[in-house]
Amino acid sequence: IRPDCGDPMYSHFNCNDTSGQVSFGPAGGTYPVTIIHPEEQTFTIRVNNYTAIDVVRKLLELNHLPFNVTKSNLSSKDGSLNEVEIRWKPPLSPICNSVKDCDDWPHSTCHTMKGGTKRCLCNTEFQWDPSNFNCTPG
């Protein structure tokens, strides 16, 4: 959840150190996370009204974030409390600046991707396994 940690495409989470509350904050809003299901790659946020569900959906699309709204539930009759389930896309290989940055990911080398971002890409006989976050034999 630190700005300098991991892929910036996934860095839209904050944690209140005092309360332990995790929140999800794509540009334009901050929403409390009510539950995280790592096995299903989903989490649920609470929004304050039904209109906010569409706002969250548009923020994710406009900012090309690796998240999709999969479900929305009205929790009250007047629509004042809602929950939105969001699925995250599997992570790409790690970002790097030099070959040394890929030392923690055996069987990979730092390469420049389309758009200029550098990533630790698996060597030809291996493939990226986003579930285990490493290169596995192909």
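**Entry 1: disulfides**

I looked up the handedness of the Cys96 and Cys110 link: with 95° about the S-S bond, it is right-handed. This is a predicted model, and I read every value below as computed from it. The sulfur atoms of Cys96 and Cys110 sit 2.1 Å apart. Cys96 lies in the loop between β6 and β7 and Cys110 in strand β7, so the pair ties together parts that are 14 residues apart in sequence. I checked burial too: Cys96 and Cys110 are both buried.

Next I took Cys102 and Cys120. A disulfide joins them, S to S 2.1 Å. I read a torsion of about -95° about their S-S bond, so this disulfide is left-handed. It links distant parts of the chain, with Cys102 in the loop between β6 and β7 and Cys120 in strand β8 (residues 118-122), 18 residues apart. Cys102 has a relative accessible area of 3%, under the 20% cut-off, so I noted it as buried. Cys120, at 1%, counts as buried as well.

Then came Cys122 and Cys135, also joined by a disulfide, S to S 2.1 Å. The angle about the S-S bond is -90°, and the link is left-handed. Cys122 is in strand β8 and Cys135 in strand β10, 13 residues apart. Cys122 and Cys135 are buried.

How many disulfides does a search of the whole structure find? I got 3. Counting bonded cysteines along the chain, I wrote the pattern down as 1-3, 2-4, 5-6. I also looked at Cys15, which is partly exposed at 31% relative accessibility.

**Entry 2: cores**

I turned to the largest nonpolar core, which has 17 residues. Phe24, Phe43, Ile45, Phe67 and Ile86 have the most contacts inside it. Two or more residues each come from β3 (31-37), β4 (42-47), α1 (50-62), β5 (67-74) and β6. The largest share, 4 residues, is from α1.

Leaving aside neighbours within four places in sequence, its contacts include Phe13, Phe24, Val33, Phe67, Glu85 and Trp88.

**Entry 3: backbone**

Which residues have a positive phi although they are not glycine? I noted His107, at about 70°, and Phe133, at about 55°. His107 is in the loop between β6 (82-88) and β7 (108-112). Its relative accessible area is 39%, which makes His107 partly exposed. Phe133 is in the loop between β9 (126-129) and β10 (134-137). At 34% relative accessibility, Phe133 is partly exposed too.

Technical notes: Residues are numbered from 1 along each chain as its sequence is written. This is a predicted model: local features need pLDDT of at least 70, side-chain atom pairs count only at pLDDT 80 or more; totals for chains, interfaces and linings use all residues. Side-chain values use heavy atoms; hydrogens and water are left out. Buried means under 20% relative accessible area, exposed over 50%, partly exposed in between (1.4 Å probe, protein chains only). A nonpolar core is a set of buried Ala, Val, Leu, Ile, Met, Phe, Trp, Tyr and Cys residues joined through side-chain atoms within 4.5 Å. Contact means heavy atoms within 4.5 Å. A disulfide is a pair of cysteine sulfur atoms within 2.5 Å.
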